[in-house]
Amino acid sequence: MDQHHQPSQASSFQWLSFAYQDLSEIPYETILTQTNTLEVLDLSYNLLDDLYWNPALLGQLERLSTLILDCNSYTAHVKFPYMPSVTAVCINKNKINNLPVFVEEIRRKFPNIKILSMMNNEAAPSYFNGGSLTQYKDYRQYVISQIPWLEILDDTEILEKERAQARRTYRIQQSSEGSRKRRERHR
């Protein structure tokens, strides 16, 4: 376990890393001793997955702003706690294969997220994992349309023209769903 302290102007920035430790469960005993100070938690390159990881306790980390879960075995069905302080989630190179399910979980549980990186997952097609340029653009547009306040997706800043295209592309799905709900209410 590495603890990194980096001073800032008003307070101290605290980062806790459990990367590369072959963990199959989250070391809550150590993590939860820092509920009021921990800002960055790195659990990358471990053996963590949906079946054995109950992330509910991470919701106690009131100051956590960055959660790094790269190179584990998480799927689209991972259940995060509600974490309004988190602004960055890195979950690259996992086993996420259902984009709508995963993006909905991220949107609901991280309402202030600005940075999402999920490269090298099946649900995030790119040149690096056999996806075409068209698939990559569609993936980006879908994520941007569902999390419109996102500023960076993967390693690329989201530009206003990309936001506008995402709204146009996925507007029909959203409006047809809204129409269906209105019809159901009037029955």
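Reply: Of the 187 residues in this protein, 45% count as buried. The model is predicted. Its secondary structure comprises four helices and eight strands, and along the sequence these run β-β-α-β-β-β-α-β-α-β-β-α.

The residue to look at is Asn-92. Asn-92 sits in the loop between strand E5 (88–90) and helix H2 (99–109). Is Asn-92 buried or exposed? Its relative accessible area is 13%, and because the limit for buried is under 20%, Asn-92 counts as buried.

The side chain of Asn-92 makes polar contacts with backbone. One goes to the backbone nitrogen of Met-119, at 2.6 Å; another goes to the backbone nitrogen of Met-118, at 3.3 Å. Leaving aside residues up to four places away in sequence, Asn-92 touches Leu-69, Asp-70 and Cys-71, and also Ser-117, Met-118, Met-119 and Asn-121.

Contacts across the whole protein can be sorted by separation in sequence. Among those between residues at least 6 apart, 60% join residues at least 24 apart.

As for the surface, the protein exposes about 10,700 Å², and carbon and sulfur atoms supply 51% of that area. The largest pocket has a volume of about 190 Å³. Of the 14 residues lining this pocket, Pro-125, Ser-126, Tyr-127, Phe-128 and Tyr-136 are the closest to its centre. The lining divides into eight nonpolar, four polar and two charged residues.

Methods: Residues numbered from 1 in each chain as written. Predicted model: local features only at pLDDT ≥ 70, side-chain atom pairs only at ≥ 80, totals over all residues. Heavy atoms only, no water. Helix = DSSP H or I, 4+ residues; strand = E, 2+ residues; numbered from the N terminus. Buried < 20%, exposed > 50% of the residue type's maximum accessible area, 1.4 Å probe, protein only. Polar contact = N/O pair within 3.5 Å; in protein donor to acceptor, adjacent residues only side chain to side chain. Contact = heavy atoms within 4.5 Å. 1 Å grid on protein atoms, 1.4 Å probe; cavity = no way out; pocket = protein on both sides within 12 Å on 5 of 7 lines; lining within 4 Å. Points joined across faces, edges and corners; volume = space filled by probe spheres on them. Nonpolar A, V, L, I, M, F, W, Y, C, P; charged D, E, K, R; others polar. Areas by Shrake-Rupley, 256 points an atom, 1.4 Å probe, with all protein chains shown as cover.
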